[in-house]
Amino acid sequence: MSAAQIRFASLLRREVNRFMKIKRQTLGAPLLETFLYISVFGAALGSRIDQLHGIDYVVFIIPGLIMMAWAVNAFSNNASSILQQKLQRAIDDQLSSPASPIQLLLAFSLGGFLRGMLIAMLTFGAASVLVGVPVQHPLVLLPALVLVGFFFAQAGVLVGIRAEQFDDLSFAQTFVLQPLIFLGGVFYSASLLPQPYETITHFNPVYYMISLVRYGFLGYSETNVALSLLFLVVAVTTLFLVNLRLFTTGYRLRA
Amino acid sequence: MYPTGTLALRGVSLQIQPGEFFGLLGPNGAGKSTLIHCATGLARPSSGSIRIFGHDAVQHYGQARTAVGLAPQDLNLDFFLTVRETLDYHGGYFGMPRRDRADRIDELLDAFSLTAKSGDRTQTLSGGMKRRLILARALMHRPRFLILDEPTAGVDVELRLELWQYVKQINAEGTTILLTTHYLEEAEQLCDRIAFIGDGQIVAQGSSSELAARYGVAGLEDAYLQLVGRSELSRAHVGGGTGS
(Lines give C-alpha, C1' and ligand atoms only; values in the text may rest on other atoms or scores of the structure.)
Protein backbone atom coordinates (compact mmCIF):
# COMPACT_ATOMS: atom_id res chain seq x y z
CA MET A 1 0.00 0.00 0.00
CA SER A 2 1.21 3.51 -0.77
CA ALA A 3 1.44 6.15 1.97
CA ALA A 4 -1.69 7.83 0.59
CA GLN A 5 -3.63 4.54 0.68
CA ILE A 6 -2.50 3.81 4.25
CA ARG A 7 -3.56 7.34 5.21
CA PHE A 8 -7.02 7.00 3.72
CA ALA A 9 -7.51 3.51 5.17
CA SER A 10 -6.56 4.84 8.63
CA LEU A 11 -8.94 7.79 8.36
CA LEU A 12 -11.79 5.49 7.32
CA ARG A 13 -10.89 2.81 9.88
CA ARG A 14 -11.16 5.40 12.60
CA GLU A 15 -14.68 6.34 11.51
CA VAL A 16 -15.84 2.72 11.31
CA ASN A 17 -14.14 1.89 14.62
CA ARG A 18 -16.05 4.74 16.25
CA PHE A 19 -19.51 3.41 15.46
CA MET A 20 -18.53 -0.23 15.99
CA LYS A 21 -17.41 0.63 19.54
CA ILE A 22 -20.87 1.86 20.45
CA LYS A 23 -22.91 -0.78 18.60
CA ARG A 24 -25.90 -0.64 20.94
CA GLN A 25 -26.40 3.01 20.09
CA THR A 26 -25.28 3.04 16.47
CA LEU A 27 -26.58 -0.32 15.20
CA GLY A 28 -28.91 -1.80 17.84
CA ALA A 29 -31.13 1.23 18.38
CA PRO A 30 -31.82 1.98 14.68
CA LEU A 31 -32.55 -1.69 13.99
CA LEU A 32 -35.04 -1.81 16.87
CA GLU A 33 -36.62 1.42 15.63
CA THR A 34 -37.10 0.00 12.12
CA PHE A 35 -38.48 -3.22 13.55
CA LEU A 36 -41.01 -1.21 15.59
CA TYR A 37 -42.09 0.73 12.49
CA ILE A 38 -42.65 -2.52 10.61
CA SER A 39 -44.58 -3.97 13.57
CA VAL A 40 -46.79 -0.95 14.24
CA PHE A 41 -47.39 0.45 10.77
CA GLY A 42 -47.08 -2.78 8.84
CA ALA A 43 -48.39 -5.59 10.95
CA ALA A 44 -50.82 -3.78 13.29
CA LEU A 45 -52.25 -0.93 11.18
CA GLY A 46 -51.45 -2.60 7.85
CA SER A 47 -54.01 -5.34 8.42
CA ARG A 48 -56.72 -2.63 8.21
CA ILE A 49 -55.26 -0.86 5.17
CA ASP A 50 -55.18 -3.85 2.85
CA GLN A 51 -53.29 -2.99 -0.35
CA LEU A 52 -51.79 0.12 -2.00
CA HIS A 53 -51.50 0.03 -5.80
CA GLY A 54 -51.92 -3.73 -5.65
CA ILE A 55 -49.14 -4.23 -3.08
CA ASP A 56 -49.61 -5.37 0.52
CA TYR A 57 -49.27 -2.32 2.79
CA VAL A 58 -46.53 -3.85 4.94
CA VAL A 59 -44.49 -4.61 1.80
CA PHE A 60 -45.25 -1.15 0.37
CA ILE A 61 -43.62 0.65 3.32
CA ILE A 62 -40.49 -1.50 3.57
CA PRO A 63 -38.49 0.16 0.74
CA GLY A 64 -39.06 3.56 2.39
CA LEU A 65 -38.02 2.18 5.77
CA ILE A 66 -34.82 0.70 4.34
CA MET A 67 -34.01 4.00 2.66
CA MET A 68 -34.87 5.95 5.81
CA ALA A 69 -32.59 3.72 7.92
CA TRP A 70 -29.67 4.30 5.54
CA ALA A 71 -30.33 8.03 5.25
CA VAL A 72 -30.84 8.84 8.94
CA ASN A 73 -27.85 6.79 10.08
CA ALA A 74 -25.51 8.11 7.41
CA PHE A 75 -26.53 11.63 8.35
CA SER A 76 -26.42 11.36 12.12
CA ASN A 77 -23.18 9.35 12.22
CA ASN A 78 -21.21 11.87 10.20
CA ALA A 79 -22.68 14.94 11.84
CA SER A 80 -21.98 13.56 15.36
CA SER A 81 -18.53 12.25 14.56
CA ILE A 82 -17.32 15.55 13.13
CA LEU A 83 -18.89 17.72 15.82
CA GLN A 84 -17.64 15.50 18.66
CA GLN A 85 -14.09 15.60 17.28
CA LYS A 86 -14.32 19.34 16.72
CA LEU A 87 -15.44 19.94 20.31
CA GLN A 88 -12.62 17.77 21.69
CA ARG A 89 -10.23 19.26 19.09
CA ALA A 90 -9.22 15.63 18.44
CA ILE A 91 -9.87 16.40 14.77
CA ASP A 92 -6.63 18.45 14.80
CA ASP A 93 -4.75 15.16 14.61
CA GLN A 94 -6.27 14.46 11.19
CA LEU A 95 -6.20 18.11 10.07
CA SER A 96 -2.49 18.54 10.85
CA SER A 97 -1.61 15.32 9.01
CA PRO A 98 -0.64 15.26 5.32
CA ALA A 99 -4.17 14.05 4.42
CA SER A 100 -5.67 16.02 1.53
CA PRO A 101 -9.09 17.70 1.77
CA ILE A 102 -10.62 15.07 -0.51
CA GLN A 103 -9.22 12.20 1.58
CA LEU A 104 -10.61 13.76 4.75
CA LEU A 105 -14.02 14.39 3.16
CA LEU A 106 -14.30 10.88 1.70
CA ALA A 107 -13.29 9.21 4.95
CA PHE A 108 -15.75 11.22 7.04
CA SER A 109 -18.47 10.62 4.42
CA LEU A 110 -17.93 6.89 4.08
CA GLY A 111 -18.03 6.29 7.84
CA GLY A 112 -21.73 7.15 8.02
CA PHE A 113 -22.37 5.71 4.58
CA LEU A 114 -21.13 2.29 5.71
CA ARG A 115 -23.05 2.43 8.98
CA GLY A 116 -26.25 3.28 7.08
CA MET A 117 -25.56 0.51 4.56
CA LEU A 118 -25.03 -2.06 7.31
CA ILE A 119 -28.33 -1.15 8.99
CA ALA A 120 -30.16 -1.07 5.65
CA MET A 121 -28.83 -4.54 4.76
CA LEU A 122 -29.81 -5.97 8.14
CA THR A 123 -33.26 -4.37 7.81
CA PHE A 124 -33.66 -5.82 4.33
CA GLY A 125 -32.57 -9.26 5.55
CA ALA A 126 -35.01 -9.21 8.48
CA ALA A 127 -37.88 -7.86 6.35
CA SER A 128 -37.25 -10.50 3.68
CA VAL A 129 -37.53 -13.25 6.27
CA LEU A 130 -40.60 -11.74 8.00
CA VAL A 131 -42.75 -10.58 5.09
CA GLY A 132 -40.83 -11.22 1.86
CA VAL A 133 -39.61 -8.25 -0.14
CA PRO A 134 -39.19 -8.52 -3.92
CA VAL A 135 -36.36 -6.83 -5.83
CA GLN A 136 -37.83 -5.99 -9.23
CA HIS A 137 -35.20 -3.66 -10.68
CA PRO A 138 -31.81 -4.24 -9.03
CA LEU A 139 -30.04 -2.08 -11.61
CA VAL A 140 -32.10 0.90 -10.47
CA LEU A 141 -32.24 -0.05 -6.82
CA LEU A 142 -28.50 -0.36 -6.27
CA PRO A 143 -27.44 3.04 -7.71
CA ALA A 144 -30.49 4.68 -6.14
CA LEU A 145 -29.68 3.42 -2.64
CA VAL A 146 -25.97 4.20 -3.01
CA LEU A 147 -26.73 7.74 -4.18
CA VAL A 148 -29.29 8.33 -1.42
CA GLY A 149 -26.86 7.00 1.20
CA PHE A 150 -24.06 9.18 -0.13
CA PHE A 151 -26.34 12.23 -0.31
CA PHE A 152 -27.28 11.97 3.36
CA ALA A 153 -23.69 11.14 4.31
CA GLN A 154 -22.70 14.43 2.65
CA ALA A 155 -25.55 16.26 4.37
CA GLY A 156 -24.31 14.93 7.72
CA VAL A 157 -20.77 16.15 6.99
CA LEU A 158 -22.11 19.59 6.07
CA VAL A 159 -24.18 19.89 9.24
CA GLY A 160 -21.31 18.53 11.37
CA ILE A 161 -18.93 21.16 10.00
CA ARG A 162 -21.40 24.00 10.50
CA ALA A 163 -22.59 22.88 13.95
CA GLU A 164 -21.17 24.42 17.10
CA GLN A 165 -23.12 22.37 19.63
CA PHE A 166 -25.16 19.14 19.72
CA ASP A 167 -28.36 21.17 19.75
CA ASP A 168 -27.55 22.22 16.16
CA LEU A 169 -27.49 18.55 15.09
CA SER A 170 -30.68 17.77 16.93
CA PHE A 171 -32.38 20.73 15.23
CA ALA A 172 -31.31 19.61 11.76
CA GLN A 173 -32.38 16.03 12.37
CA THR A 174 -35.68 16.71 14.15
CA PHE A 175 -36.92 19.79 12.32
CA VAL A 176 -35.52 19.25 8.83
CA LEU A 177 -34.54 15.65 8.09
CA GLN A 178 -37.33 13.71 9.85
CA PRO A 179 -40.21 15.84 8.46
CA LEU A 180 -38.77 15.64 4.93
CA ILE A 181 -38.49 11.85 5.19
CA PHE A 182 -41.86 11.25 6.85
CA LEU A 183 -43.68 13.64 4.49
CA GLY A 184 -41.82 12.20 1.50
CA GLY A 185 -44.10 9.16 1.53
CA VAL A 186 -42.39 6.44 3.56
CA PHE A 187 -45.71 5.28 5.00
CA TYR A 188 -48.11 6.22 2.22
CA SER A 189 -48.47 6.91 -1.47
CA ALA A 190 -48.46 10.63 -2.29
CA SER A 191 -51.12 10.00 -4.95
CA LEU A 192 -53.58 9.29 -2.13
CA LEU A 193 -53.14 12.75 -0.61
CA PRO A 194 -55.77 15.47 -1.17
CA GLN A 195 -54.74 18.70 -2.86
CA PRO A 196 -52.78 20.85 -2.13
CA TYR A 197 -50.76 18.28 -0.13
CA GLU A 198 -50.09 16.06 -3.12
CA THR A 199 -48.62 19.00 -5.07
CA ILE A 200 -46.61 20.19 -2.06
CA THR A 201 -45.11 16.70 -1.73
CA HIS A 202 -43.66 17.11 -5.24
CA PHE A 203 -41.41 19.90 -3.88
CA ASN A 204 -39.90 17.52 -1.33
CA PRO A 205 -36.67 16.03 -2.75
CA VAL A 206 -36.97 12.98 -0.49
CA TYR A 207 -40.23 12.08 -2.25
CA TYR A 208 -38.25 11.36 -5.44
CA MET A 209 -35.68 9.32 -3.52
CA ILE A 210 -38.32 7.12 -1.88
CA SER A 211 -40.10 6.75 -5.18
CA LEU A 212 -36.89 5.57 -6.86
CA VAL A 213 -36.08 3.05 -4.14
CA ARG A 214 -39.67 1.79 -4.13
CA TYR A 215 -39.47 1.31 -7.88
CA GLY A 216 -36.27 -0.67 -7.49
CA PHE A 217 -37.86 -3.00 -4.96
CA LEU A 218 -41.50 -3.19 -6.03
CA GLY A 219 -41.56 -1.99 -9.64
CA TYR A 220 -44.03 0.76 -8.73
CA SER A 221 -43.14 4.44 -9.16
CA GLU A 222 -45.05 7.71 -9.07
CA THR A 223 -42.18 9.68 -10.64
CA ASN A 224 -40.04 9.54 -13.74
CA VAL A 225 -37.25 7.11 -12.83
CA ALA A 226 -34.59 8.48 -15.18
CA LEU A 227 -35.27 12.09 -14.17
CA SER A 228 -35.22 11.19 -10.48
CA LEU A 229 -31.88 9.44 -10.88
CA LEU A 230 -30.49 12.43 -12.73
CA PHE A 231 -31.75 14.79 -10.03
CA LEU A 232 -30.07 12.61 -7.40
CA VAL A 233 -26.74 12.59 -9.24
CA VAL A 234 -26.83 16.40 -9.53
CA ALA A 235 -27.78 16.81 -5.85
CA VAL A 236 -25.03 14.44 -4.63
CA THR A 237 -22.40 16.08 -6.83
CA THR A 238 -23.38 19.57 -5.72
CA LEU A 239 -23.29 18.68 -2.03
CA PHE A 240 -19.97 16.87 -2.45
CA LEU A 241 -18.42 19.92 -4.13
CA VAL A 242 -19.75 22.23 -1.42
CA ASN A 243 -18.21 20.01 1.27
CA LEU A 244 -14.94 19.72 -0.61
CA ARG A 245 -14.78 23.50 -0.71
CA LEU A 246 -15.33 23.62 3.06
CA PHE A 247 -12.54 21.09 3.69
CA THR A 248 -10.22 22.95 1.31
CA THR A 249 -10.79 26.35 2.90
CA GLY A 250 -10.99 24.85 6.42
CA TYR A 251 -14.30 26.55 7.16
CA ARG A 252 -15.07 26.08 10.89
CA LEU A 253 -12.35 23.39 11.00
CA ARG A 254 -9.15 25.42 10.81
CA ALA A 255 -8.75 28.84 12.44
CA MET B 1 -5.80 37.62 10.14
CA TYR B 2 -8.92 36.10 11.77
CA PRO B 3 -12.32 36.40 10.04
CA THR B 4 -13.23 38.94 12.75
CA GLY B 5 -10.54 41.24 11.36
CA THR B 6 -8.17 40.72 14.29
CA LEU B 7 -4.54 40.63 13.18
CA ALA B 8 -2.97 37.73 15.10
CA LEU B 9 0.54 37.97 13.62
CA ARG B 10 2.21 40.99 12.03
CA GLY B 11 5.39 40.75 10.01
CA VAL B 12 6.79 37.81 11.95
CA SER B 13 10.15 36.76 10.53
CA LEU B 14 11.79 33.83 12.19
CA GLN B 15 14.34 31.26 11.13
CA ILE B 16 15.03 28.11 13.10
CA GLN B 17 18.16 26.19 12.19
CA PRO B 18 18.07 22.39 11.69
CA GLY B 19 18.89 20.64 14.96
CA GLU B 20 18.24 23.75 17.03
CA PHE B 21 16.23 23.86 20.27
CA PHE B 22 14.31 27.10 19.88
CA GLY B 23 12.08 28.77 22.47
CA LEU B 24 9.16 31.08 21.80
CA LEU B 25 8.11 33.15 24.77
CA GLY B 26 5.36 35.67 25.16
CA PRO B 27 2.27 36.48 27.18
CA ASN B 28 -1.11 34.82 26.54
CA GLY B 29 -2.61 36.03 23.30
CA ALA B 30 0.74 37.17 21.89
CA GLY B 31 0.42 34.89 18.85
CA LYS B 32 2.52 31.84 19.83
CA SER B 33 -0.17 29.25 19.17
CA THR B 34 -1.33 31.03 16.01
CA LEU B 35 2.20 30.82 14.62
CA ILE B 36 2.32 27.13 15.46
CA HIS B 37 -1.10 26.53 13.93
CA CYS B 38 -0.02 28.24 10.71
CA ALA B 39 2.97 25.90 10.50
CA THR B 40 0.86 22.78 11.06
CA GLY B 41 -2.16 23.60 8.90
CA LEU B 42 -4.53 24.26 11.80
CA ALA B 43 -4.76 27.92 10.80
CA ARG B 44 -4.64 29.50 7.37
CA PRO B 45 -2.23 32.44 7.12
CA SER B 46 -3.86 35.30 5.18
CA SER B 47 -0.44 36.43 3.91
CA GLY B 48 3.25 35.56 4.15
CA SER B 49 4.82 32.11 3.98
CA ILE B 50 6.18 29.40 6.22
CA ARG B 51 8.74 26.93 4.95
CA ILE B 52 9.58 23.73 6.77
CA PHE B 53 12.83 22.17 5.61
CA GLY B 54 12.27 24.00 2.32
CA HIS B 55 8.62 22.95 1.87
CA ASP B 56 5.94 25.64 1.82
CA ALA B 57 3.46 24.86 4.61
CA VAL B 58 0.48 25.81 2.42
CA GLN B 59 1.45 24.96 -1.16
CA HIS B 60 3.30 21.73 -0.32
CA TYR B 61 1.53 20.90 2.91
CA GLY B 62 2.04 17.14 2.47
CA GLN B 63 5.82 17.24 2.71
CA ALA B 64 5.78 20.09 5.24
CA ARG B 65 3.38 18.37 7.64
CA THR B 66 5.17 15.02 7.34
CA ALA B 67 8.24 16.72 8.79
CA VAL B 68 6.34 18.17 11.78
CA GLY B 69 5.19 16.60 15.02
CA LEU B 70 2.84 18.71 17.11
CA ALA B 71 2.23 18.31 20.83
CA PRO B 72 -0.51 20.90 21.42
CA GLN B 73 -1.17 22.56 24.74
CA ASP B 74 -4.75 21.17 24.88
CA LEU B 75 -5.12 17.49 25.76
CA ASN B 76 -6.94 16.87 22.49
CA LEU B 77 -7.24 13.09 22.69
CA ASP B 78 -10.13 11.21 21.15
CA PHE B 79 -11.92 9.54 24.06
CA PHE B 80 -13.30 6.75 21.82
CA LEU B 81 -9.77 5.45 21.26
CA THR B 82 -7.40 3.43 23.40
CA VAL B 83 -3.81 4.52 23.96
CA ARG B 84 -2.54 2.08 21.33
CA GLU B 85 -5.21 3.09 18.81
CA THR B 86 -4.36 6.76 19.30
CA LEU B 87 -0.78 6.09 18.24
CA ASP B 88 -1.76 3.61 15.55
CA TYR B 89 -4.19 5.96 13.78
CA HIS B 90 -1.74 8.84 14.00
CA GLY B 91 0.95 6.71 12.37
CA GLY B 92 -1.55 5.70 9.71
CA TYR B 93 -2.47 9.33 8.96
CA PHE B 94 1.23 9.86 8.24
CA GLY B 95 1.40 6.83 5.94
CA MET B 96 3.39 4.47 8.18
CA PRO B 97 3.02 0.78 7.25
CA ARG B 98 1.36 -1.52 9.80
CA ARG B 99 4.53 -3.37 10.90
CA ASP B 100 6.45 -0.12 11.35
CA ARG B 101 3.56 1.35 13.35
CA ALA B 102 3.42 -1.67 15.67
CA ASP B 103 7.17 -1.50 16.39
CA ARG B 104 7.14 2.25 16.91
CA ILE B 105 4.13 2.05 19.24
CA ASP B 106 5.88 -0.52 21.46
CA GLU B 107 8.99 1.65 21.54
CA LEU B 108 7.05 4.80 22.52
CA LEU B 109 4.80 3.07 25.06
CA ASP B 110 7.94 1.81 26.73
CA ALA B 111 9.74 5.17 26.57
CA PHE B 112 6.77 7.00 28.11
CA SER B 113 5.87 4.27 30.66
CA LEU B 114 2.48 3.70 29.05
CA THR B 115 2.80 -0.01 28.18
CA ALA B 116 0.47 -1.10 31.00
CA LYS B 117 -2.16 1.36 29.77
CA SER B 118 -1.99 0.51 26.07
CA GLY B 119 -5.49 -1.03 25.97
CA ASP B 120 -7.15 1.66 28.12
CA ARG B 121 -9.34 4.36 26.67
CA THR B 122 -7.71 7.76 26.73
CA GLN B 123 -10.46 9.28 28.86
CA THR B 124 -9.47 7.01 31.76
CA LEU B 125 -5.87 8.31 31.87
CA SER B 126 -4.59 10.77 34.46
CA GLY B 127 -3.59 14.26 33.32
CA GLY B 128 0.09 13.35 33.41
CA MET B 129 -0.45 10.21 31.33
CA LYS B 130 -2.49 12.15 28.80
CA ARG B 131 0.39 14.61 28.51
CA ARG B 132 2.84 11.74 27.92
CA LEU B 133 0.54 10.27 25.29
CA ILE B 134 0.26 13.63 23.51
CA LEU B 135 4.06 13.77 23.30
CA ALA B 136 4.30 10.13 22.19
CA ARG B 137 1.70 10.82 19.49
CA ALA B 138 3.68 13.82 18.23
CA LEU B 139 6.78 11.63 17.95
CA MET B 140 5.00 8.62 16.43
CA HIS B 141 5.87 9.37 12.79
CA ARG B 142 9.48 10.30 13.64
CA PRO B 143 9.21 14.02 12.76
CA ARG B 144 12.34 16.02 12.02
CA PHE B 145 10.73 19.10 13.57
CA LEU B 146 8.93 18.77 16.90
CA ILE B 147 6.65 21.56 18.13
CA LEU B 148 5.93 21.55 21.85
CA ASP B 149 3.19 24.00 22.77
CA GLU B 150 3.40 24.44 26.55
CA PRO B 151 4.18 20.74 27.09
CA THR B 152 4.65 20.96 30.84
CA ALA B 153 1.62 23.10 31.70
CA GLY B 154 -0.05 21.57 34.75
CA VAL B 155 2.26 18.57 35.15
CA ASP B 156 4.01 17.56 38.35
CA VAL B 157 7.71 18.14 38.98
CA GLU B 158 8.79 14.54 38.27
CA LEU B 159 7.04 14.42 34.94
CA ARG B 160 8.37 17.83 33.99
CA LEU B 161 11.94 16.73 34.63
CA GLU B 162 11.29 13.44 32.84
CA LEU B 163 9.93 15.28 29.78
CA TRP B 164 12.90 17.66 29.81
CA GLN B 165 15.25 14.72 29.79
CA TYR B 166 13.42 13.08 26.92
CA VAL B 167 13.21 16.15 24.68
CA LYS B 168 16.87 16.96 25.36
CA GLN B 169 17.74 13.46 24.22
CA ILE B 170 15.74 13.62 20.98
CA ASN B 171 17.18 17.05 20.25
CA ALA B 172 20.65 15.61 20.73
CA GLU B 173 19.69 12.88 18.24
CA GLY B 174 19.04 15.60 15.63
CA THR B 175 15.37 16.60 15.97
CA THR B 176 14.75 20.32 15.66
CA ILE B 177 12.50 21.56 18.46
CA LEU B 178 10.29 24.61 18.87
CA LEU B 179 9.12 25.08 22.44
CA THR B 180 6.59 27.55 23.77
CA THR B 181 6.37 27.83 27.51
CA HIS B 182 5.47 30.16 30.32
CA TYR B 183 8.18 28.63 32.49
CA LEU B 184 11.22 30.77 31.83
CA GLU B 185 13.47 28.39 33.71
CA GLU B 186 12.40 25.69 31.25
CA ALA B 187 13.32 27.86 28.26
CA GLU B 188 16.62 28.82 29.87
CA GLN B 189 17.51 25.19 30.60
CA LEU B 190 16.54 23.74 27.23
CA CYS B 191 16.75 26.30 24.47
CA ASP B 192 19.75 27.31 22.35
CA ARG B 193 17.94 30.44 21.21
CA ILE B 194 14.78 32.18 22.33
CA ALA B 195 12.45 34.67 20.67
CA PHE B 196 10.12 37.03 22.49
CA ILE B 197 6.78 37.50 20.78
CA GLY B 198 4.44 40.30 21.77
CA ASP B 199 1.31 41.62 20.12
CA GLY B 200 1.86 39.38 17.08
CA GLN B 201 5.45 40.51 16.48
CA ILE B 202 8.88 39.09 17.23
CA VAL B 203 10.40 41.78 19.41
CA ALA B 204 13.73 40.19 20.26
CA GLN B 205 15.63 36.96 19.74
CA GLY B 206 18.93 35.45 20.79
CA SER B 207 20.41 33.22 23.45
CA SER B 208 19.27 33.65 27.04
CA SER B 209 22.35 35.69 27.93
CA GLU B 210 22.09 37.79 24.74
CA LEU B 211 18.49 38.70 25.60
CA ALA B 212 19.45 39.60 29.18
CA ALA B 213 22.27 41.78 27.85
CA ARG B 214 19.98 43.42 25.31
CA TYR B 215 17.54 44.48 28.02
CA GLY B 216 20.36 45.34 30.44
CA VAL B 217 19.17 42.90 33.11
CA ALA B 218 20.57 39.93 34.99
CA GLY B 219 18.60 37.05 33.45
CA LEU B 220 15.91 35.84 31.08
CA GLU B 221 13.08 36.40 33.57
CA ASP B 222 13.94 40.07 33.99
CA ALA B 223 14.28 40.47 30.23
CA TYR B 224 10.82 38.96 29.81
CA LEU B 225 9.36 41.27 32.47
CA GLN B 226 10.84 44.20 30.59
CA LEU B 227 9.14 42.97 27.43
CA VAL B 228 5.71 42.78 29.06
CA GLY B 229 6.26 46.10 30.85
CA ARG B 230 6.13 44.56 34.35
CA SER B 231 9.70 45.07 35.54
CA GLU B 232 8.37 46.03 38.98
CA LEU B 233 7.68 42.29 39.47
CA SER B 234 11.39 41.45 39.15
CA ARG B 235 12.64 39.28 41.99
CA ALA B 236 15.46 41.80 42.38
CA HIS B 237 12.77 44.26 43.57
CA VAL B 238 10.14 42.01 45.12
CA GLY B 239 12.45 39.63 46.95
CA GLY B 240 15.24 42.14 47.52
CA GLY B 241 14.68 42.37 51.29
CA THR B 242 14.15 38.71 52.00
CA GLY B 243 17.66 37.43 51.37
CA SER B 244 20.08 37.12 54.27
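The structure is a predicted model, in which local features need pLDDT of at least 70 and side-chain atom pairs count only at pLDDT 80 or more, whereas totals for chains, interfaces and linings use all residues. Residues are numbered from 1 along each chain as its sequence is written, and chains are lettered from A and ligands numbered from 1 in the order in which they are written.

Helix 10 of chain A covers residues 225–249, where helices (H or I, at least four residues) and strands (E, at least two) are DSSP runs numbered from the N terminus. Its 25 residues reach 36 Å from the first C-alpha to the last, close to the 36 Å expected at 1.5 Å a residue, the expected span being 1.5 Å times one less than the number of residues. Within helix 10 of chain A, Ser228(A), Leu232(A), Val236(A), Phe240(A), Asn243(A) and Phe247(A) are buried; a residue is buried if 20 or more other C-beta atoms, placed from the backbone, lie within 10 Å of its own, exposed if 12 or fewer, and partly exposed in between. The buried residues of helix 10 pack against helix 5 (101–130), helix 6 (138–162) and helix 9 (205–218) of chain A.

Two packed helices are described by the angle between their axes and the distance between the axes. The axes of helix 6 and helix 10 of chain A come within 9 Å and cross at roughly 30 degrees, with axes taken as lines fitted to C-alpha atoms, for helices over the stretch in contact, and angles running from 0 to 180 degrees between N-to-C directions. Helix 6 and helix 10 of chain A are therefore roughly parallel to each other, since angles under 35 degrees count as roughly parallel, over 145 as roughly antiparallel, 65 to 115 as roughly perpendicular and the rest as oblique. Among the residues that meet are Leu147(A) and Phe151(A) in helix 6 of chain A, and Leu232(A) and Val236(A) in helix 10 of chain A, two residues being in contact if their C-beta atoms, placed from the backbone, lie within 7 Å. By class, this contact has 21 nonpolar, two polar and no charged residues, where Ala, Val, Leu, Ile, Met, Phe, Trp, Tyr, Cys and Pro count as nonpolar, Asp, Glu, Lys and Arg as charged, and the others, Gly among them, as polar.

Trp70(A) lies in helix 3 (residues 57–88) of chain A and is buried, with 30 other C-beta atoms within 10 Å. Not counting residues up to four places away in sequence, Trp70(A) touches several residues, including Gly116(A), Ala120(A) and Val148(A).

Most residues other than glycine have a negative phi, and most peptide bonds are trans. Helix 10 of chain A is followed by Gly250(A), whose phi is positive, near 80 degrees, and in the segment after this helix Arg252(A) has a positive phi near 60 degrees. Arg252(A) is partly exposed, with 14 other C-beta atoms within 10 Å. The peptide bond from Gln195(A) to Pro196(A) is cis, with omega near 5 degrees.

Between the chains, 26 residues of chain B are in contact with 25 residues of chain A. The elements that give two or more residues to this side of chain B are helix 1 (32–40), helix 2 (61–66) and helix 3 (83–93) of chain B.
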